[in-house]
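User: Please look at this model with me. I would like to know what stands behind the terms used for it.

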Amino acid sequence: MNKKHIVVVGLGGVGGYFGFKINQTNEDSRQYTISFIARGETYKKVQEHGLTLISPEHSNSKTKPDAIYSDIHEITAPDLVLICVKEYDLENVCSQLLKVINKNTVLLPMMNGADIYERIRNVIPDNTILPSCIYVASHIKEKGIVEHKGKAGKLIAGRDPQHFSENIDWIITLLTDSGIDLDFKDNSFTDIWTKFFFVSSFGLVTAKHNSSIGTVCTDPLQMQEATEIMKETERIARKKQIALPEDIIEKTFERAASFPPATPTSLQLDINSGKGDNELELFAGTIIKYGAELDIATPFTQKIYKELKAK
């Protein structure tokens with residue numbers, strides 16, 4: 001019997017962390033064929049030296065996949081593709097994947113965003129896509145080296161509403177055997193939107209003021225701005241029939257208060273360092289788009305979107 005072929009597209013903070021765990025386990029078990037896709041300097045470094053993970057979880061911090069490619073078109077017969085790219089690359093990557101996947105290929109996006117599942121579905125209409133969100137504090141230390149801090153990364157994933165009865169037990173086994181903290185549900189959209197509530201509101205407000213998560217929780221103006229963004233997001237989620245708790249806004253602030261007060265957000269760091277590619281569209285763009293589609297006014301999100309665009 002042929003081994004299942006697992007492909008990890010993107011070796012940034014997320015793909016590097018989860019791809020490392022899957023591949024290192026497989027180096028012992030040899031149950032699967034693992035391929036990594038990376039570009040430029042990362043491709044060269046991993047091809048030559050392997051992928052390095054600096055983490056409190058691992059003493060042996062280097063792993064080499066069965067194959068590493070710089071081009072998605074070099075992949076053959078993938079059974080599972082972990083999509084670990086920045087949101088602004090998503091449609092481009094999916095268009096390329098469309099040419100190499102078969103009808104049984106399962107797609108697992110390891111990305112945080114309320115519209116990720118829909119965006120993949122728009123490009124890849126027929127395959128099984130497992131809607132998910134992730135919690136992991138990891139980043140690229142340098143090309144081919146990923147640094148992870150804090151507690152173990154967590155993956156929340158769910159069944160595809162379009163292919164609900166698809167047998168994906170082998171994927172759950174693969175992830176759990178790899179030591180990944182997996183919470184698998186029939187419906188993961190509540191978790192996806194709960195995470196989106198937090199990252200979008202705090203990301204947008206911290207980016208506007210170049211502040212921190214703690215400041216948004218204590219400064220009256222910033223707290224009010226975050227609350228208004230959450231109210232607009234909540235109206236959208238309820239109209240989309242996402243089952244959110246009644247006190248989602250209070251719960252989001254409680255969660256934020258558990259972070260060290262000086263914690264920045266990735267959008268804040270990207271916007272205020274002048275980085276061209278960032279998550280502004282993933283956060284504000286999604287709220288504005290859904291608002292327009294569902295006839296829900298989003299004036300607070302639109303205002304902050306325009307201010308951040310001007311930066």
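Analyst: Two strands pair if DSSP finds at least two bridges between them. The model is a predicted one. In it, β3 and strand β11 (residues 145-148) pair in the parallel sense over three bridges.

User: What makes β3 and β4 a pair, and in which sense do they run, parallel or antiparallel?

Analyst: Two bridges join strand β3 (residues 51-54) to β4, and these strands run antiparallel. The cut-off is at least two bridges, so β3 and β4 count as paired. Thr-52 stands opposite Lys-62 in β4, while Leu-53 stands opposite Val-146 in β11.

User: Why are β4 and β10 called edge strands?

Analyst: The open sheet has four strands in the order β4-β3-β11-β10, with mixed pairing. β4 (62-63) and β10 (138-142) each pair on one side only, and that makes them the edge strands. β10 is joined to β11 by four bridges, and the two run antiparallel. His-148 in β11 is the bridge partner of Ser-138.

User: What lies between β10 and β11?

Analyst: The two strands form a hairpin with two residues between them. Gly-144 in the turn has a positive phi of about 85°.

User: Why is Asp-115 called buried?

Analyst: Its relative accessible area is 3%. Buried means under 20%, so Asp-115 is buried. Asp-115 lies in the loop between β7 and α4 (116-123). Leaving aside neighbours within four places in sequence, Asp-115 is in contact with Leu-282, Thr-286, Lys-289 and Tyr-290.

User: Is Ala-77 buried, partly exposed or exposed, and what makes it so?

Analyst: Ala-77 has 49% relative accessibility. Buried means under 20% and exposed over 50%, with partly exposed in between, so Ala-77 is partly exposed. Ala-77 is in the loop between β5 (67-69) and β6. Its phi is positive, about 45°, although Ala-77 is not a glycine.

User: Why does Asp-295 count as exposed?

Analyst: At 72% relative accessibility, Asp-295 passes the cut-off of over 50%, so it counts as exposed. Asp-295 sits in the loop between α11 (280-294) and α12 (299-310). Asp-295 is not a glycine, yet has a positive phi of about 60°.

User: How do you know that the buried residues of α5 line one face of the helix?

Analyst: Helix α5 (residues 169-177) has the buried residues Trp-170, Ile-171, Leu-174 and Leu-175. Seen down the axis of α5, they fall within an arc of 135°, so they line one face. An α-helix has 3.6 residues a turn, so residues three or four places apart point the same way. The elements that the buried residues of α5 pack against include β1 (5-9), α1 (13-29) and β6 (80-83). Just after α5, Gly-179 takes a positive phi of about 80°.

User: What puts the buried residues of α3 on the same side?

Analyst: In helix α3 (residues 90-97), the buried residues are Leu-90, Val-93, Cys-94, Gln-96 and Leu-97. They cover an arc of only 160° around the axis, which puts them on the same side of α3. Their cover includes β1, β6 and α4.

User: At what angle do α6 and α8 pack, and which classes of residue make the contact?

Analyst: Helix α6 (residues 189-209) and helix α8 (residues 220-239) pack at about 145°, with their axes 9 Å apart. The contact of α6 with α8 has 12 nonpolar, four polar and three charged residues.

Terms used. Residues numbered from 1 in each chain as written. Predicted model: local features only at pLDDT ≥ 70, side-chain atom pairs only at ≥ 80, totals over all residues. Heavy atoms only, no water. Axes fitted to C-alpha atoms, helices over the stretch in contact; angles between N-to-C directions. Nonpolar A, V, L, I, M, F, W, Y, C, P; charged D, E, K, R; others polar. Buried < 20%, exposed > 50% of the residue type's maximum accessible area, 1.4 Å probe, protein only. Arc of directions from axis to C-beta. Contact = heavy atoms within 4.5 Å.
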